[in-house]
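Student: I have a structure to go through before the group meeting. Can we take it chain by chain, then look at the packing?

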Amino acid sequence: MAKQIVLKDALGNKYTLEFDRDSVKRMIRKGFVLDTEPSHLLVLAEDLVTGAFQMHHKKMDWEHIEPIFMAQTQRTELLKKLAEMYMEPAETLLGSGDEDTTEENPTWEVVE
Amino acid sequence: MGGCGVTETPQKLLSIDELFDRAFPEYLAMGMTYEQFWKQDCSLVIAYRKAYKIRQEEINRNAWLQGLYIFKALQTAPVTVNGFAPKGYTPEPYPNKPFDFAPKKEKTAQEKADEEAQARAERIKAGVMSFMKARDAQKHEAELKALLEDEKEGVSKDV
C-alpha cells in the first residue's frame, strides 16, 4: 500500500494526499523538478502540495489548498514526507519492495 | 575515452516520466490495466511483479513435468519403438496415475488401525464371495447332473 497523508482543514474536512504515476507525470510535464534541500522544498511547496492533492481531489487548486496547507503545523516535515511520497511511484518500478527483507546485512552502508 | 580509440556515448539518464513510459508496456503484458498503472496505488506493481514471477515459475515447473512424462514414456516404450534398448529388455509399465506431489505425511495410529480394519473387511468380503461362488457352482453342477440323469432315464424309457 502506497503512503498517504490525511490533512484536516479548519472545518474538520479531511483531504487525502497521495501520488500516482499520472499525477507525477503531469507535474514533470509542467516543469517540476524535486529538490529535497529544505530551503528549496519551501519554494517547491506550491507545486508539490498541489500535485499531492491531484490524485484524490482533482478540482482543488492552490487557491483552495494554500489556506489548508498554511493551517498545518510542522510544514517542513510535511513537505519532506511529501517529497518521499513523490518518489514512491518511481521507486516501486525500480524493484523496491522485491528484496528479501529477512536479510540482516544490507549491501550498502552510510559513511559520515 | 581519450586516446584509446573508442568513443563512448554518455549513458542517458532516464527522467521519471520516461521511466514510467518505458515500464508501462511491460506491466500491461503482466496483466495490469491502464487505470491500475497510472491512477491507482503505485505499489500495486510490486504485487504484479511477484505474481508474474510465480506464474513464470509455474510455467517452468509444468514444462519440466511434461519433460519428465515424456522421458518416462520413452523409458517404458517397447523395444520396437526404443531402438537403443538391449535385447530381452522388458519395459516397465507407464505410470497409471500422475506423479504424486503431495508430501507424504506419517500416518497416525488411528489411520493405520482404520486401514487394517478396512483391509480385513475386504479380505472377509472376498472370502465370503468366493465361498458363495463355489457353493453356487456346486449347486449348479448338481442341478445340471440331475437334469442330465433325468434326460438319460427318459431316453432309456423311450427306447
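Predicted model: local features only at pLDDT ≥ 70, side-chain atom pairs only at ≥ 80, totals over all residues.

Student: In what order do the elements of chain B run from the N terminus?

Tutor: Chain B has four helices and zero strands. Read from the N terminus, the order is therefore α-α-α-α.

Student: Which element of chain A gives the most residues to the side that touches chain B?

Tutor: The contact takes 17 residues from chain A and 16 residues from chain B. On the chain A side, α1 and α4 each supply at least two residues. By class, that side has eight nonpolar, two polar and seven charged residues. The element that gives the most, with six residues, is α1(A).

Student: Which element of chain B gives two or more residues to the largest nonpolar core?

Tutor: The largest nonpolar core has 26 residues, and Phe19(A), Leu48(A), Val49(A), Ala52(A), Leu82(A) and Tyr86(A) have the most contacts inside it. From chain A, α1 (21-29), α2 (38-54), α3 (62-70) and α4 (75-91) give two or more residues each. From chain B, the element is α1 (16-29).

Student: At roughly what angle do the axes of α2(A) and α4(A) cross?

Tutor: Two packed helices are described by the angle between their axes and the distance between the axes. The axes of α2(A) and α4(A) come within 9 Å, and the crossing is left-handed. The angle is roughly 65°.

Student: How many residues of the contact of α2(A) with α4(A) are charged?

Tutor: From α2(A) the contact includes Leu48(A), Val49(A) and Ala52(A), and from α4(A) it includes Lys80(A), Leu82(A) and Met85(A). Eleven residues of this contact are nonpolar and one is polar. The number that are charged is one.

Student: Which residue in β2(A) is the bridge partner of Ile5(A)?

Tutor: Strands β1 (residues 5-8) and β2 (residues 14-17) of chain A run antiparallel and are joined by four bridges. They form a hairpin with five residues between them, and Gly12(A) in the turn has a positive phi of about 90°. The partner of Ile5(A) is Leu17(A).

Terms used:
Residues numbered from 1 in each chain as written. Chains lettered and ligands numbered in written order. Core = buried A, V, L, I, M, F, W, Y, C linked by C-beta atoms within 7 Å. Buried ≥ 20, exposed ≤ 12 C-beta atoms within 10 Å, placed from the backbone. Axes fitted to C-alpha atoms, helices over the stretch in contact; angles between N-to-C directions. Left-handed = near helix turned anticlockwise from the far one by under 90°. Contact = placed C-beta atoms within 7 Å. Nonpolar A, V, L, I, M, F, W, Y, C, P; charged D, E, K, R; others polar. Pairing = 2+ DSSP bridges.
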